[in-house]
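I opened my notebook to record what I looked up, one topic at a time.

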Amino acid sequence: MAGPKLSKKKGGSAANPPLKKKQKALPTLEKETKEEMIFNSDGSEEPVMLENPDEEDQGMDSLSDMSSDGDDVYANDILQGSDDEEGSDEEERGAQGDSDSDVSDFEKEARQIDEEKAREEVDAEAELELNIKNEANEFSLPTEEELEEEAQRPPDLSNLLRRIKEIVRVLSNFKSLRLEGATRKDYVDQLKMDLISYYGYNDFLIEALVELFPAVELMELIEAFEKPRPTCLRTNTLKTRRRDLAGVLLNRGVNLDPLSKWSKVGLVVYDSQVPIGATPEYMAGHYMLQGASSFLPVMALAPQEKEKVVDMAAAPGGKTTYIAALMKNTGMIYANEMKESRLKSLTANIHRMGVTNTIVSNYDARELPKVLGSNSVDRILLDAPCSGTGVISKDESVKTSKSALDIQNCAHLQKQLILAAIDLVDANSKSGGYIVYSTCSIMVAENEAVIDYALKKRDVKLVPCGLDFGRPGFIRFRGHRFHTSLDKTRRFYPHVHNMDGFFVAKLKKMSNMKPTSQQSEDGEVEEEESELVESNDQEEGVKEKKQFNKGSNEIATEKVIKEKKQLNKGSSVSGAGKQPPLKERRKKKEWPSREEIAKNREEKRQALRESKRKRKYLSFDIGDVDYLLCYCVGQSVHEAVILTDSSSKKTMLCIESAAKRMRLYKRRLSGCTREYDATSQG
């Protein structure tokens, strides 16, 4: 009985091998079975038959006891091992199933979350549309009583902003969203009032901006004005390259990127751990702090090497140094600045940036054609002084300080400057003959109107600026119609191009001859200048005229009377003959040129100097003071100088004045004598 049991156990162990710990029990069991087995000589296993049956029974009993003991100790372990193995397999399969189920559960949960989010978004959009419809139905313009109540209370900024947005939304789709009986003018007027209250603009500027832009774009522009523009650097190619400069600044903790594709030297700075205007590279002139919009006029000018270029309003020197870098320090640049206080920053930047081909001048730019000569330069950059309505983010005082009169004065000055710039450029230049006009204003009166004026007054034409971006200029604006070529000019806005508001135009001078229609106007301008010169000369000679005696004045008046008589005689003679035709009489007098006016002015000054040198002296003895005083009174000498010569005891009388010396006034002498000594009088 024991043999078959052992063989089954052995076979079972072979079929399902237990774990390593349980496999160690198998050799001991086999050894015990082998000891109980008797092998025949032919190798077959047979149980040995004992002679004594009692012994056989005892042996069977002992063997059965051993087998029963073996079943209790070892066999159970083996069977438990196989059960454990099956349980482990089932656990592994269950774990795999659990993992698969977990993955599927995660996917299901993710899908459910995504579906819920999509449902929420759809519901939110539907609710928003519903709210918009409800608000559109509920929104109405405030009444006069409500406006009066608001004026008495402090401004409610949240209410103002909400109303501004509502009005802008209505104006964007006026036909479908407007209230019955409300006109567009009502909405626009209320929008202006709210913008003035919320953003702090004056009436004139808001009115001008409303005329320039639609409501939606107007809000974008005003919001852009409230934010500062990015800080930009211009690499000085005379000393370094942009890649090298960017690497050095990055190591110093400056977070920057290239400005844009249109600029090869610009860098935009996001933040910096060091003052960007006090780094060693800045002090060494490797870069210039300059707005992105200031790059545009110089790029449009495109100066060439060995040219003669004029920057008519150069301070603080950003554009001038950029021109010098493009010219590689060749040729010649005239950097003119009218305000003397700004010359320090101009010269400092020129030296810091290593520019060596620039001459700094301090003239009124309108006089440059007289100073440098007409038709004498190749290219001119005129960054004209303007109202600054494009840089409100830098100077918020523009919101309230500008008026229509300021715009008109700026436009008048700009027209004079652009005519002077055109007269200064040589149309026969081989590589030049270009004028670039730019302003930091967005007003039409300072931009398109000035260029249109120049096109009418001089023989010039507009050419492309060479800038691939920017909005074209206005050809028509409100009631004004400009030249059709003004679409070649470029406008830049902060809400579109993320730079200051700017205007750029490029002109090409076609000939050095002025149109005939301008001769009379130029004559009028020269007449005004000559009158101003004469008035200045008269003011300078007021003190000198007071010095002359009454006799000289009488002589002058007699000469004037004689001249008038001669003129009257001539007019009577001409009146006796035939009168000239009406057209000839209406012809304006041909006034002298500016050079002749300057020459006449210089001659007058020379004559005045010579008259001061030629002084008349009268010699008197010291005892003849009474006679001296009587002479002065009789000749109406208001101012005189008495000089005493101690050696010859002579007194000299100078008829002409000397402001720092002793004065003698009219005196009526009644037989008394007085002595005057100039040295004693001081």
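At what angle do helix α8 and helix α9 pack, and how many Å apart are their axes? This is a predicted model, in which local features need pLDDT of at least 70 and side-chain atom pairs count only at pLDDT 80 or more, while totals for chains, interfaces and linings use all residues. Residues are numbered from 1 along each chain as its sequence is written, and side-chain values use heavy atoms, with hydrogens and water left out.

Entry one, the helix pair. I found that α8 (residues 184–199) and α9 (residues 203–212) pack at about 130°, with their axes 10 Å apart; axes are lines fitted to C-alpha atoms, for helices over the stretch in contact, and angles run from 0 to 180 degrees between N-to-C directions. Helices are DSSP runs of H or I of at least four residues, and strands are runs of E of at least two, numbered from the N terminus. I then looked up which residues meet (contact means heavy atoms within 4.5 Å): Val 188, Lys 192, Leu 195 and Ile 196 in α8 meet Asp 203, Ile 206, Glu 207 and Val 210 in α9.

Entry two, helix α15. In α15 (residues 343–352), I noted Leu 343, Leu 346, Asn 349, Ile 350 and Arg 352 as buried, where buried means under 20% relative accessible area, with a 1.4 Å probe and protein chains only. The buried residues of α15 pack against several elements, among them α14 (318–327) and β8 (332–336). Just after α15, Gly 354 takes a positive phi of about 75°.

I looked for disulfides, pairs of cysteine sulfur atoms within 2.5 Å, and the structure holds zero. Cys 232 counts as buried because its relative accessibility is 5%, and Cys 465 counts as buried at 5%.

Notes:
Buried means under 20% relative accessible area, exposed over 50%, partly exposed in between (1.4 Å probe, protein chains only).
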